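Hello,

Here is the structure you are taking over. Please look through it first; my notes follow below.

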Amino acid sequence: MSVHPTDRGELIEVVPLARAQMEQRRANSDHGSIYALLDGVCDPELPILSIWDLGILQDVRVHREDAWTVQDDAQVSLEVVTVTITPTYSGCPAVEHIAREIKATLESAGVGQVVVETRLDPAWTTDWLSGAAQQKLRAYGVAPPEERACPICGSLRVSLISEFAATACKSLLRCDDCLEPFEQFKAL
Amino acid sequence: MGEMDDLSCLALRLGDDALIHSHRLAEWCGCAPTLEEELALANVALDFLGRARFCLQLVGRRLDSDEDRLAYHRDAREYTNLLLMEQPRGDFAYAMVRQFVMDEFEALYFGQLAASQDPDLAAIAAKSNKEIAYHLRRSRDWIERLGLGTTESRDRLQVALIDVWDHVAELFAMDEVETRLAGASIVPDRSALRDEWLAAVLPRFEAATVEPPAQMPAISGGRRGVHTEHLERLLSQMQSLQRAYPGLAW
């Protein structure tokens, strides 16, 4: 998300198309309550961001499946929830943790059967971060992608120490004014 | 694993390349020259490990196997990675030259693979391309820094380049399997990428004041499971736990 002036001088927020489509898919979904539950699932490396904020959560679908219960020896109709996620980086070790969290969160809320599906295509991009994610990152001391500014003092005089920081999704920078090192969410 | 269809065979090759390279990078854990490089090497290793998993999962789905069985329960003779990836870790200059020649190759190869007729391979390539772009930024930077650094770093870069050159020809070697797949627009023709690759790497070596050997020895065998002695040792370490306790989980 970025802010751009229009011809008439007013500022408008520009949301990347892919993110807008995700928002729309959620708004039009019949499963808003499941999305809301999943807002509680966060990235273990950046616990301030939910999988929705990060754009990891792609889709929620529900279908019914017939099954036999052993207890009653009767046919019942089970609700199966399929949650589709996409990894941020190929080797991101958080994906499996996130999949477990999704299952645990939905199952403890009594949502029938849960299947977590991973989708690679289209590949994740930082364009999919929510508007709220940018704010939350800044407040957490991590510069949002493409924002070369110190999240601590706001200075624009910063230098890159390494493209690779403690996790695959961040780079390491230093503020040349307040001298604090900080991380930036890599633009991908 | 018996006879394998072309596509599974190719996915296994790409998976093995990524897995073995990832393991060599991971060997730098704890002994990189600086903390930032330590993080960078491990980060890049993780990208390759992720790619290896996507490829081996794809093979697993097609052949009724799974990624762990493929990674931990095949012998060297069944591994199909290129010989370049299995060469010992070497010094930092060797690690950077190997990374650089691979990154420049992968930028071309995966760039084209993203347009593959096979949707699974295309998706893996599209994902990898984003990562290859920043791997390349770093490895290009290191070639320049080592070449224009001290006499010591330049000399080491030169020695490393001569060593790496022994195994680069195999990057461009085609066989029947890949020729059939290239004919069906499923994979790029490796041999056709050689000139473009040379045009990418040679000016950067020149700028770094080092020179590759005039000849590129046509050493190959990895795709047929004929490896150098280094792969056995790598696998004996990587597989030791699963061989001793098959199926052991955390």
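**Sheet in chain A**

Chain A holds an open sheet of three strands in the order β3-β4-β5, with mixed pairing. Strands pair if DSSP finds at least two bridges between them. Helices (H or I, at least four residues) and strands (E, at least two) are DSSP runs, numbered from the N terminus. β3 (57-69) and β5 (113-118) of chain A are the edge strands, each with a single partner, so one side of each has no neighbour in the sheet. On average, neighbouring strands are turned by 25° against each other, direction ignored.

This is a predicted model: local features need pLDDT of at least 70, and side-chain atom pairs count only at pLDDT 80 or more, while totals for chains, interfaces and linings use all residues. Residues are numbered from 1 along each chain as its sequence is written, and chains are lettered from A and ligands numbered from 1 in the order in which they are written.

Strand β4 (residues 74-85) of chain A runs parallel to β5(A), joined by six bridges. Val81(A) stands opposite Val114(A) in β5(A).

**Helices in chain B**

Helix α1 (residues 6-26) and helix α8 (residues 176-183) of chain B pack at about 110°, with axes 10 Å apart. That makes α1(B) roughly perpendicular to α8(B) (65 to 115 degrees, between N-to-C directions on a 0 to 180 scale, with axes fitted to C-alpha atoms over the stretch in contact). Asp6(B), Cys9(B) and Leu10(B) of α1(B) meet Val177(B), Glu178(B), Arg180(B) and Leu181(B) of α8(B) (contact: C-beta atoms, placed from the backbone, within 7 Å).

Best wishes

Note on methods. Angles under 35 degrees count as roughly parallel, over 145 as roughly antiparallel, 65 to 115 as roughly perpendicular and the rest as oblique. Two residues are in contact if their C-beta atoms, placed from the backbone, lie within 7 Å.
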